[in-house]
Amino acid sequence: MSRHCTAGSSVRGFGPLTGIGDEAAPGTDGQLAALRRLGWNAIELRTVDGTALADLSPAAFGTLARRLADEGVTVTAVASRIGNWSRPVTGDLGQDLAELDVLAERCATLGCRLVRIMSYPNDGLAETEWADRVLARTAVLADRAERAGLVLVHENCAGWAGNRADRALRLLRAANSPALRLLFDTGNGVPYGYRAPDMLRDLAPYVVHVHIKDAVRTPDGVTAYTLPGEGEAGVVECLELLAAHGYTGALSLEPHLAVRPHEGLARAGEDAADLFVRAGQALAGLLDAGQPVTGPLDGPV
């Protein structure tokens with residue numbers, strides 16, 4: 001890739017290096033301290049002190065926003081719970097719309113447009129009804145996001161379109177909105193049973209945000225998360241594909257080494273921060289060691 005860290009916070013061609021702060025520490029102090037150790041000045045927000053961004057009190061959110069501004073830290077994206085592993089497709093859509101409305105106000109304050117969503121786990125419905133409900137809900141959400149000046153970024157994670165490129169593309173076609181694009185997580189293929197670079201070849205033109213993680217499958221079938229580049233997810237191949245498609249967005253670290261919300265794992269403290277920093281250093285090392293990407297790629301462009 002011939003890419004090198006500049007000022008420790010961004011990579012030529014790609015956008016800033018960033019990370020989901022609560023994977024380093026629960027509170028703002030710890031999250032910002034981890035970023036400073038890496039020399040990064042951008043963050044992706046999910047929770048603060050265990051509270052989701054949309055659920056922070058107005059006072060707590062105001063304190064957070066002022067702190068980020070004072071420290072010169074920009075917010076690249078917010079990771080919402082909309083359609084995620086905790087909200088099956090039979091749940092109340094109003095809950096997601098309400099969260100989106102709160103995040104629209106908060107993103108305006110933070111100067112951030114990207115909101116991570118997923119596409120609703122099934123809850124015993126027939127495949128066709130599951131699909132119909134997901135497509136309808138996502139279109140409603142995208143319409144509201146567009147009017148709020150936001151872009152929803154669907155992640156290849158939990159939900160109807162999470163592990164299949166054809167479904168993710170169908171989701172985009174059905175919504176037909178500039179307010180719906182894709183977030184690609186390099187490490188989710190390992191737990192969900194697909195090869196991430198293969199999926200990315202089809203999705204790359206629509207990817208506007210990237211999560212970086214890596215993992216292996218142990219002999220007993222359990223997913224074990226690793227530093228970026230040390231697992232089986234194909235992180236380097238994904239980065240090369242993104243570069244070849246002209247991706248210029250952020251690379252956001254979500255290492256899952258100490259914190260995995262969907263599993264209830266939260267190892268707070270120095271251990272989590274150290275693991276986060278080691279993962280960030282590993283990512284920077286991969287980018288520094290990359291080779292030029294040349295020639296056309298397969299898949300739509």
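Buried, in these legends, means under 20% relative accessible area, exposed means over 50%, and partly exposed lies in between, with a 1.4 Å probe and protein chains only. The model shown is predicted, so that local features need pLDDT of at least 70 and side-chain atom pairs count only at pLDDT 80 or more, while totals for chains, interfaces and linings use all residues. Residues are numbered from 1 along each chain as its sequence is written, and side-chain values use heavy atoms, with hydrogens and water left out.

**View 1. Cysteines without a disulfide.** The structure holds zero disulfides, a disulfide being a pair of cysteine sulfur atoms within 2.5 Å. Cys-112 is in no disulfide, and the nearest cysteine sulfur, that of Cys-107, lies 4.3 Å away. Cys-112 is buried, with a relative accessible area of 5%. For Cys-238, the closest cysteine sulfur is in Cys-157 at 15 Å, which is too far for a bond, and Cys-238 is buried too, with a relative accessible area of 0%.

**View 2. The crossing of helices H1 and H2.** Helices (H or I, at least four residues) and strands (E, at least two) are DSSP runs, numbered from the N terminus. The axes of H1 (residues 28-38) and H2 (residues 58-71) come within 12 Å and cross at roughly 25°, where axes are lines fitted to C-alpha atoms, for helices over the stretch in contact, and angles run from 0 to 180 degrees between N-to-C directions. That angle makes H1 roughly parallel to H2, because angles under 35 degrees count as roughly parallel, over 145 as roughly antiparallel, 65 to 115 as roughly perpendicular and the rest as oblique. Contact means heavy atoms within 4.5 Å, and here it is made by Thr-28, Asp-29, Leu-32 and Arg-36 of H1 with Leu-64, Arg-67, Leu-68 and Glu-71 of H2.

**View 3. The buried residues of helix H5.** In H5 (residues 165-175), the buried residues are Ala-165, Arg-167, Ala-168, Leu-169, Leu-171, Leu-172 and Ala-175. What covers them includes helix H4 (127-147), strand S9 (151-159), strand S10 (180-185) and helix H7 (196-203). Just after H5, Asn-176 takes a positive phi of about 45°.

**View 4. The surroundings of Leu-100.** Leu-100 is found in helix H3 (residues 93-110) and is buried, with a relative accessible area of 1%. Leaving aside neighbours within four places in sequence, Leu-100 is in contact with Ile-82, Leu-141, Arg-144, Ala-145, Leu-150 and Leu-152. Leu-100 and Ala-145 are 45 residues apart in sequence, yet 7.5 Å apart in space, C-alpha to C-alpha.
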